[in-house]
Amino acid sequence: MSGAQTEAQAALSAMLERIPYARFLGVRAELAGDEMTMVMPFGQHIIGNPTLPAIHGGVLGSFMEMTALAQLQVKEGAARQPRVIDVSIEYLRSGRPLTTYARAEIKKVGRRIANVHVEAWQEQRASPIAALRAHFLLAQGES
Amino acid sequence: MSDKDAVMHNIAQGMSQGSPYAREMGFELVSMEGGAALMRAPYKEIMVGDPDTGVIAGGVVTGLLDHCCGSAVHLSMTEFKIIATLDLRIDYMRAAKPRMPIFARAECYKVTRSVAFVRAVAYDETPDDPVASAAAAFMLDSSKGRPFMANMKAGQ
């Protein structure tokens, strides 16, 4: 891992560590170059339906929203303070009692708006359990 | 409250108490009328998304809206069915005020054989000044044919 890479990873981990809700969910970020994977281990506290059991839909939404925010920080730095405007969440499969992963793809970063798509999966990347599309409002950049 | 309403109210309440996430967050069904559910979440330290201001994470609002929408679906059905969120769209109008409880009011305005449609609003002081609004669709009987603990099995 290069020095810059270690630094970026440390900044990302520190940001998540500071957010109480991220700590509650138990999420962490893994960085490979500029590609980030968010990881959420399974725990009793994230169950929505205890009879299957299945992860709460709101937790999956939160997790993907956080993934989008973290990816924006990786790409744009913390200075642009992204604020969520809207999200559209698609639930594809029930979230099983397994570790969940998510990756965000930044579709566009403009002067004021960023468009981000996120997919979450468990055992198979090709079989996502949920997807999210979001718009964020950004503080004006330097340029 | 009719007998049927009382039963569905108990189911909606049971869903909050039976869902470990909702319990951790303190989501509580305050009232119901027709197909509408009013839910309250207390302000909790674990909900904070911005440690500098104490504002709760957008995800908490997402969770509350999802849960409240689900309760509204339960309230509007004549029998208990397992449901699953199919689609959830949320507009965030402003940050929730820190250190204040947040409310969600969801109305299930159409139930078909397989799908229920819901709209909801989240607010802290008055519904006229919303924090967020949501539109959701739920699958009914989503566990049909899937046994208890089905998700514990390998593969799907």
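Two strands count as a pair if DSSP finds at least two bridges between them. Keep that in mind as we walk through this predicted model.

**Stop 1: the meeting of two strands.** Select strand 5 of chain A and strand 5 (residues 83-92) of chain B. Five bridges join these two strands, which run antiparallel. Now click on A:Ile89: standing opposite is B:Leu88, in strand 5 of chain B.

Stop 2: You will find 12 of them in an open sheet, with antiparallel pairing, in the order 1(A)-2(A)-6(A)-7(A)-8(A)-5(A)-5(B)-8(B)-7(B)-6(B)-2(B)-1(B). Go to the edges and select strand 1 (28-32) of chain A and strand 1 (28-33) of chain B: each has a single partner strand, so one side of each has no neighbour in the sheet. From one strand to the next, the twist averages 20 degrees.

**Stop 3: the helices across the sheet.** Select helix 3 of chain A. This helix lies across several strands, including strand 5 of chain B, and runs at about 50 degrees to strand 6 of chain A. Then try helix 3 (residues 58-76) of chain B, which lies across strand 5 of chain A as well as strands of chain B, running at about 40 degrees to strand 6 of chain B.

**Stop 4: where the chains touch.** Finally, colour the contacts: 36 residues of chain A are in contact with 35 residues of chain B. Which element of chain A gives the largest share of its side? Strand 5 of chain A does, with eight residues. By class, this side of chain A has 18 nonpolar, 12 polar and six charged residues.

Technical notes: Residues numbered from 1 in each chain as written. Chains lettered and ligands numbered in written order. Predicted model: local features only at pLDDT ≥ 70, side-chain atom pairs only at ≥ 80, totals over all residues. Contact = placed C-beta atoms within 7 Å. Helix = DSSP H or I, 4+ residues; strand = E, 2+ residues; numbered from the N terminus. Nonpolar A, V, L, I, M, F, W, Y, C, P; charged D, E, K, R; others polar. Axes fitted to C-alpha atoms, helices over the stretch in contact; angles between N-to-C directions.
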